[in-house]
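Work through the two exercises below with the model open. Each task is followed by a stepwise solution.

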Amino acid sequence: MKIVFTDLDHANHDVETEIFKRAGFDVPLLECQSEDALIEQLQDVDIALNQYAPFTRRVLEALPDLKQIVRYGVGVNNVDLEAASAAGVQVCNVPDYGMHEVSDHALALSLALIRKLVPMNAGCQAGRWEYADAMPIRRQTRMTAGVVGLGRIGRLYARKMAALGFNVIAHDRYHQPNAEDGTDQLRCLELDELFREADVIGLFCPLTEETRHLVDAAALQRMKDSAYLINTSRGGIIDETALAQALKEGRLAGAALDTTEQEPLPADSPLRGIDNCLITPHMAWYSEDAAQELKRKVAEEAVRFASGEKVLWPVNRLPA
């Protein structure tokens, strides 16, 4: 089988290359940034290692030899899964490589907002030394953390927040609490109830048509004006115009986002210039350990498929 990297913005792909070399594959790195480039350069390709390149229905229907796409990361929003299934293309991701990093990042953002670290640092750097500028700050053991989405990362965040003394509640339409993963200890609520009750709300759900703008103006209206909103999943889950308005009007105490609807954050984004909105550049997944694990697992999944072995992380279901 012929394997290619469709696109990659990493400094190198030495980890993958070594794995492919041991398996007997020479895998070239292409520069596919568009549908046309994919259609032109992948005509005889069986397996595509993909980061950002758009595998739309048009692309998938134009690549009869393609059999597998392995996505760098968890999200597969740049792949039309329905079209891939119809074309008989197995789509795989790496769902577990950065779960500790993302949950830690969400935890760090939560504490930074609650303890008001960013404005306090700015004040001290400017020569002001006054803790009263941070008032009010609440004790964590008297606060409730709401977890939206009980996948791998959401469960870790819930566990870590509970360890810090937060009362933890959750919402997940598709997850049944059980003792095996510890979620039997969580009080699960309807989403509107969680929005009303939580002091810190962490979003850990995939971006789908169902979850797009899950947090809209109406949802924000239900939240406490003292609440903090954390998003380390996908930017489209939040209506950013509505969020910016709520922050500016004091109807929400703060927000921290690692992902935005458009990345990088546009110059005209309504979230720019808002003091109580922390934004990091889609880096929650990152540590050197996670980056190396991602590279290794992407290559190993492709080799498994090429060798006729069962893949570990299929995202779509192929027709029988």
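Contact means heavy atoms within 4.5 Å, and helices (H or I, at least four residues) and strands (E, at least two) are DSSP runs numbered from the N terminus. The model is predicted: local features need pLDDT of at least 70, side-chain atom pairs count only at pLDDT 80 or more, and totals for chains, interfaces and linings use all residues. Residues are numbered from 1 along each chain as its sequence is written, and side-chain values use heavy atoms, without hydrogens and water.

**Exercise 1.** Determine how helix 1 packs on helix 11.

Step 1. Val-15, Glu-16, Ile-19, Phe-20 and Ala-23 of helix 1 meet residues of helix 11, including Gln-292, Lys-295 and Ala-299.

Step 2. The axes (lines fitted to C-alpha atoms over the stretch in contact, angles from 0 to 180 degrees between N-to-C directions) of helix 1 (residues 14–23) and helix 11 come within 8 Å and cross at roughly 30°.

Step 3. Angles under 35 degrees count as roughly parallel, and helix 1 and helix 11 are therefore roughly parallel to each other.

**Exercise 2.** State the strand order and find the edges of the sheet.

Step 1. Two strands pair if DSSP finds at least two bridges between them. The open sheet has 4 strands in the order 1-2-3-4, with parallel pairing.

Step 2. Strand 1 (3–5) and strand 4 (90–92) each have a single partner strand, so one side of each lacks a neighbour in the sheet.

Step 3. Strand 2 (residues 47–50) is joined to strand 3 (residues 68–71) by 4 bridges; Asn-50 stands opposite Arg-71 in strand 3.

Step 4. Helix 11 (residues 288–306) lies across strand 1, strand 2, strand 3 and strand 4, at about 165° to strand 3.

Definitions and conventions. Parallel < 35°, antiparallel > 145°, perpendicular 65-115°, else oblique.
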